[in-house]
Amino acid sequence: TPFDVFIQQLVQNGFAGAWRFSAPQVKLRDGDTLTVENRGGETHTFSEVSQFGGGGIVPDINLILFGTATPPTFFIGPLNFVAAGEETTITASTLTAGTHRFICAIHPWMEETVVVS
């Protein structure tokens with residue numbers, strides 16, 4: 001996505017359409033693993049948060065989306081950076097049973113819910 005189109009999408013929609021996690025929800029059982037693969041051309045994160053809508057780590061994007069460079073963030077644990085073409089793996093046994101919310105801390109409209117049973 002060209003940068004000017006990316007910014008236009010953020011201003012108009014509050015997100016950039018092609019920048020998303022492919023599944024809005026994933027269900028795991030104890031012992032399962034979730035591999036997060038970055039198929040885009042930019043670095044992303046797969047970072048757990050206590051709630052959605054808290055913003056990210058890029059002040060300019062936060063200004064567009066939230067009207068402030070430093071909105072409240074609700075990160076739990078590490079940011080888990082995943083460079084273009086790379087992947088990271090999450091094991092269900094490292095998460096407690098229940099619902100976990102993950103975002104890209106760079107592009108905070110990218111949201112995914114992981115339900116562990």
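Strands are DSSP runs of E of at least two residues, numbered from the N terminus. In the predicted model described here, cysteine 104 is placed in the loop that joins strand S7 (98-103) to strand S8 (111-116). Cysteine 104 has a relative accessible area of 0% and is therefore buried. With residues up to four places away in sequence not counted, cysteine 104 touches Phe21, His44, Thr45 and Met110. Glycine 41 lies 63 residues from cysteine 104 along the chain, and the C-alpha atoms of these two residues are separated by 14 Å.

The largest pocket of the model holds about 540 Å³ of space. Its lining is made up of 21 residues, and those closest to the pocket centre are Arg20, Phe21, Ser22, Glu37 and Arg39. S2 provides the largest share, at four residues. By class, the lining of the largest pocket comprises 10 nonpolar, seven polar and four charged residues. Phe21, one of the residues closest to the centre of this pocket, is also among the residues touched by cysteine 104.

Valine 36 is located in strand S2, the element with the largest share of the lining of the largest pocket. Valine 36 counts as buried because its relative accessibility is 12%, the limit for this class being under 20%. Between valine 36 and glycine 17, which are 19 residues apart along the chain, the separation of C-alpha atoms is 19 Å.

The second largest pocket contains about 220 Å³ of space. Of the 13 residues that line this pocket, Phe3, Phe6, Trp19, Ile61 and His107 lie nearest its centre. Helix H1 (3-13) and helix H2 (59-66) are the elements that contribute two or more residues to the lining. The lining of the second largest pocket divides into eight nonpolar, three polar and two charged residues.

The packing of the two helices was examined next. Two packed helices are described by the angle between their axes and by the distance between those axes. For H1 and H2, the angle is about 35 degrees and the axes are 8 Å apart. The crossing of H1 past H2 is right-handed. On the H1 side, the contact is made by Phe6, Ile7, Leu10 and Val11, and on the H2 side by Ile61, Ile64 and Leu65. Seven nonpolar residues form this contact, with no polar and no charged residues. Phe6 and Ile61 take part in the contact between the helices and are also among the residues nearest the centre of the second largest pocket.

Glutamine 9 lies in helix H1 and, at 22% relative accessibility, counts as partly exposed. When residues up to four places away in sequence are set aside, glutamine 9 touches Gly14, Phe15, Ala16 and Gly17.

The C-alpha atoms of aspartate 60 and threonine 70 are 9.5 Å apart in space, the two residues being 10 apart in sequence. Asparagine 62 also lies in H2, but its relative accessible area is 1%, so asparagine 62 is buried. Beyond its neighbours within four places in sequence, asparagine 62 is in contact with Gly55, Gly56, Ile57, Gly67, Thr68, Ala69, Pro71 and Pro108.Asparagine 80 is found in the loop between H2 and strand S5 (81-82). The phi angle of asparagine 80 is near 50 degrees, which is a positive value in a residue other than glycine. Asparagine 80 counts as partly exposed because its relative accessibility is 27%.

Conventions: Residues are numbered from 1 along each chain as its sequence is written. This is a predicted model: local features need pLDDT of at least 70, side-chain atom pairs count only at pLDDT 80 or more; totals for chains, interfaces and linings use all residues. Side-chain values use heavy atoms; hydrogens and water are left out. On a 1 Å grid over the protein atoms alone, a cavity is a set of points where a 1.4 Å probe fits but cannot get out, and a pocket is an open set with protein on both sides within 12 Å along at least five of seven lines; lining residues have an atom within 4 Å of a point. Grid points are joined across faces, edges and corners, and a volume is the space filled by probe spheres set on the points. Ala, Val, Leu, Ile, Met, Phe, Trp, Tyr, Cys and Pro count as nonpolar, Asp, Glu, Lys and Arg as charged, and the others, Gly among them, as polar. Axes are lines fitted to C-alpha atoms, for helices over the stretch in contact, and angles run from 0 to 180 degrees between N-to-C directions. A crossing is left-handed if the near helix is turned anticlockwise from the far one by less than a right angle, and right-handed if clockwise. Contact means heavy atoms within 4.5 Å. Buried means under 20% relative accessible area, exposed over 50%, partly exposed in between (1.4 Å probe, protein chains only).
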